[in-house]
Amino acid sequence: MSTKLSRRDFLKVSAAVGGGLALEFSFPWAARAAAGQAATEVNAWIVIHPDDRVVIRIARSEMGQGTFTALAQLVAEELDCDWAKVSAEFASPNENLRRNRVWGSMSTGGSMGVRTSQDYVRRAGAGARGLLVAAAAARWGVPASECAAEKGVVTHRPSGKKLRYGELAAAAAKLTPPKDVKLRDPKDWKIAGKPLHRLDIPDKVLGKPVFGVDVALPGLLHASIAQCPVFGGSVKNVDAAEALKMRGVKKVVREKDFVAVVADGWWRADEALKKLKIEWDEAGHGRIDSAAIAAMLREGLAAASLPLARNVGDAPAALAAAAKTIEAEYASPYLNHATLEPQTCTAWFKSGGTLEVWTSTQDGEASLAAAAEAAGLPPEKVEVHKMMLGGGFGRRGAPQDFVRQGVLIAKALPGVPVKLMWSREEDMQHGFYRPASIVRMKAGLDAKGNLVAIHTKIACPSILEVLLPRLLGRDGIDFTAVRFFSDLCYAVPHQRVEYAKRNGHVPVGFWRAPGQQNGFYRECFIDELAVAAGRDPVDYRLAMLPAGDKNRLVLEAVAKAANWGGPLPAGAHRGVAVADGFGSFTAMVAEVSVSAEGTLKVHRIVVAIDSGHVVNPDTCRAQAESNVVYGLGTILYQENTVKNGRIAETNFRNFRLPQISEMPKVETVLVPTGGFWGGHGEPAILPLAPAVCNALFAATGRRIRSLPLKHHDLRKA
């Protein structure tokens with residue numbers, strides 16, 4: 001990452017000097033602002049310095065998933081520059097607005113960073129290369145067709161003359177960009193497709209990047225916030241007398257749904273916050289608990305008529321005629337994103353009616369829109385600085401509540417920068433949670449045990465209705481709530497999927513791999529059917545996946561890599577699952593053991609992924625491992641329960657993260673077949689829970705139909 005100040009330098013210097021410092025770490029323009037350097041913007045994505053350094057602007061956020069490097073690789077591949085001289089920086093949301101959205105979408109989620117922007121970033125690189133070649137040809141007075149670019153140098157082949165990109169950038173930028181460019185065939189890639197070192201890692205190891213929680217500005221004040229503990233509630237009355245007497249306290253800010261204390265330090269602000277006497281209006285939700293929410297979901301399942309998300313063949317008739325039917329109910333709880341960096345936003349209303357905002361965001365454009373709306377200013381008068389993220393997983397994308405709050409608090413203290421930082425407790429109890437859901441499945445088998453019909457009923461709140469209602473489908477069907485059933489990969493002649501949308505008062509949102517819990521339901525149920533049919537789980541699935549199907553390909557790949565059917569270490573057992581989503585196809589085998597006391601140990605995870613093209617194999621493997629880390633906690637321990645209308649879990653002491661000692665060995669098998677662009681940030685979490693739970697069944701004979709496992713007796717049945 002390109003930045004003029006290291007994080008440590010920034011923290012030290014910012015405590016000592018005056019205004020204007022804020023602009024110094026505005027990443028997008030670090031290249032341009034370098035003193036004494038006449039760097040040239042060849043096009044919106046590429047800045048080239050006279051010494052051949054290349055700065056590539058990345059519109060998507062970097063939150064550890066490797067987008068910074070992968071997208072830079074694609075640009076550099078087509079630009080054909082020297083990778084050793086490449087760095088990357090954030091594109092500015094405001095420049096995107098001012099320049100007619102030249103960088104396209106800045107939303108970072110759904111494993112879309114590479115797969116939905118690969119085409120135009122590659123064209124940006126190829127277009128810039130064409131300009132540089134044209135500039136060299138013009139200087140030499142030769143046809144461009146006689147020139148070629150390689151590793152940052154343009155060569156006139158007949159004469160052997162050479163010019164470096166740094167010598168050509170200024171002239172290239174004055175030329176008219178080519179209308180048509182030819183992109184390289186992935187088989188010819190030299191920079192993309194290689195396991196190059198991540199651009200952001202060295203700086204992170206040295207503590208250089210500035211995260212949202214690190215922002216420090218001259219005269220900065222700090223805010224701690226209390227939101228109504230019951231979702232949907234509001235502030236009824238506040239007695240701030242005691243808080244206002246405390247040292248360092250500058251102001252108490254009251255809004256409809258929160259109260260914040262502003263002080264000269266966050267600890268003082270938070271201590272004063274505890275002295276507030278706040279009376280909340282709980283909006284009638286103060287008696288709701290998890291049992292009531294489960295009852296609401298089951299009422300949905302019992303409805304006489306539900307919208308159809310899929311209807312193939314005649315499932316009711318086929319079930320009635322089946323040789324054998326099997327039914328099961330599965331469930332999963334609400335889940336917080338639990339980002340290690342809590343929600344933060346620094347805002348500064350300046351003289352002249354402008355606003356600057358610094359925040360860790362998955363969507364710079366959404367942050368800009370939220371800030372402008374809260375400030376009551378046109379977007380042109382708001383500057384948003386994207387900071388590094390201490391975790392996102394969907395929490396910092398569509399929901400921009402922390403930006404709205406930060407701006408409203410700073411609005412009460414114009415002329416002073418104010419940093420809002422949520423406490424861990426506020427963060428845990430005011431998320432946009434993965435929806436709780438209950439699913440009932442009924443399957444019909446023929447005399448040979450083949451699956452001939454499946455009827456699924458899903459009761460689940462709608463994420464889209466909360467965050468993006470324009471994307472709701474016909475009859476109000478939320479595709480994130482029904483995926484894996486509405487797009488069933490297995491060849492089953494009769495399918496019926498019904499959706500009971502039941503929105504409670506708990507806000508729901510996009511949690512890593514939205515709809516991921518349906519993979520748990522489906523793949524465990526398929527395992528039940530295989531057992532009922534007396535068939536091997538892998539063979540049972542293969543029988544329903546036609547030749548050439550990519551789900552079949554990854555299943556065969558993972559079975560081979562895991563030596564499915566072969567000998568196992570003493571006490572170990574295997575489970576398998578398949579899941580496609582976010583543009584990729586994934587299959588997984590888990591190896592587990594269970595002690596006589598019922599303690600589960602996940603020893604080994606083997607995952608096979610077909611994402612079409614792979615830009616950085618090392619990053620893709622790292623993403624598979626991160627999915628296992630993140631998903632393992634949800635299998636073993638994590639849940640968010642509701643008591644008296646509020647989330648009961650308050651911190652990591654009762655929302656446990658997996659320990660290093662619990663991390664299994666992860667082996668990732670990349671089987672890219674080309675021809676399409678899949679994601680890597682989320683697909684590997686999809687088959688994790690069913691693979692582990694199917695292995696657990698193999699070990700104990702106990703069928704797990706709800707998570708987390710901490711509630712189950714795992715001793716051998």
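In strand 6 of this predicted model, His 156 is the bridge partner of Cys 147. Ala 148 likewise stands opposite Thr 155 in strand 6. These pairs belong to the contact between strand 5 and strand 6 (residues 153-156), an antiparallel pairing made by four bridges. The two strands form a hairpin with two residues between them, and Lys 151 in the turn has a positive phi of about 50°.

Strand 6 and strand 7 run antiparallel and are joined by four bridges. They too form a hairpin, here with four residues between the strands; Gly 160, in the turn, has a positive phi of about 80°.

Taken together, the three strands form an open antiparallel sheet in the order 5-6-7. Strand 5 (147-150) and strand 7 (161-164) are the edge strands, each pairing on one side only. From one strand to the next, the twist averages 25°. Helix 5 (residues 118-140) packs on this sheet and touches strand 5, strand 6 and strand 7, its direction making about 45° with that of strand 6. Helix 6 (residues 165-172) also lies across strand 5, strand 6 and strand 7, and runs at about 75° to strand 7.

Another open sheet has seven strands in the order 10-11-8-18-15-16-17, with mixed pairing. Its edge strands, each pairing on one side only, are strand 10 (249-254) and strand 17 (382-387). Direction ignored, neighbouring strands of this sheet are turned by 20° against each other on average.

Within this sheet, strand 15 (residues 344-350) and strand 18 (residues 418-421) run antiparallel and are joined by four bridges. Thr 344 stands opposite Met 421 in strand 18. Helix 9 (residues 266-273) packs on the sheet, where it touches strand 8 (221-227), strand 10, strand 11 (258-263) and strand 18; the direction of helix 9 makes about 30° with that of strand 8. Helix 13 (residues 401-411) packs on the sheet as well, touching strand 8, strand 10, strand 11, strand 15, strand 16 (354-360) and strand 18, and its direction makes about 35° with that of strand 15.

**Pairings of strand 21**

Strand 21 (residues 494-501) runs antiparallel to strand 13 (residues 308-312), and four bridges join the two. In this pairing, Val 497 of strand 21 is the bridge partner of Arg 310. Strand 21 also pairs with strand 20 (residues 451-460), in the parallel sense and over eight bridges. Here Cys 460 stands opposite Lys 501 in strand 21.

| Strand pair | Sense | Bridges |
|---|---|---|
| Strand 5 and strand 6 | antiparallel | four bridges |
| Strand 6 and strand 7 | antiparallel | four bridges |
| Strand 15 and strand 18 | antiparallel | four bridges |
| Strand 13 and strand 21 | antiparallel | four bridges |
| Strand 20 and strand 21 | parallel | eight bridges |

**Pockets and cavities**

The second largest pocket holds about 310 Å³ of space. It is lined by 20 residues, of which Ala 294, Ala 331, Ser 332, Pro 333 and Ala 436 are the closest to its centre. Helix 10 (290-301), strand 14 (324-332) and strand 19 (437-445) each supply at least two residues of the lining. Helix 10 gives the most, with five residues. By class, the lining of this pocket divides into 10 nonpolar, eight polar and two charged residues.

The model has three cavities of 30 Å³ or more. About 50 Å³ of space lies in the second largest cavity. Its lining consists of Pro 333, Leu 335, Arg 434, Gln 516, Gln 517, Phe 520, Thr 634, Gln 638 and Leu 707. Helix 17 (residues 516-533) supplies the largest share of the cavity lining, three residues. The residues of this lining divide into four nonpolar, four polar and one charged.

**Confidence**

The chain averages a pLDDT of 93, and 95% of the residues score at least 70. Over residues 1-35, however, pLDDT stays under 50; for this stretch the model has 74 contacts beyond four places in sequence.

How values were computed:
Residues are numbered from 1 along each chain as its sequence is written. This is a predicted model: local features need pLDDT of at least 70, side-chain atom pairs count only at pLDDT 80 or more; totals for chains, interfaces and linings use all residues. Side-chain values use heavy atoms; hydrogens and water are left out. On a 1 Å grid over the protein atoms alone, a cavity is a set of points where a 1.4 Å probe fits but cannot get out, and a pocket is an open set with protein on both sides within 12 Å along at least five of seven lines; lining residues have an atom within 4 Å of a point. Grid points are joined across faces, edges and corners, and a volume is the space filled by probe spheres set on the points. Ala, Val, Leu, Ile, Met, Phe, Trp, Tyr, Cys and Pro count as nonpolar, Asp, Glu, Lys and Arg as charged, and the others, Gly among them, as polar. Two strands pair if DSSP finds at least two bridges between them. Axes are lines fitted to C-alpha atoms, for helices over the stretch in contact, and angles run from 0 to 180 degrees between N-to-C directions. Contact means heavy atoms within 4.5 Å. pLDDT is the predictor's confidence in each residue, from 0 to 100.
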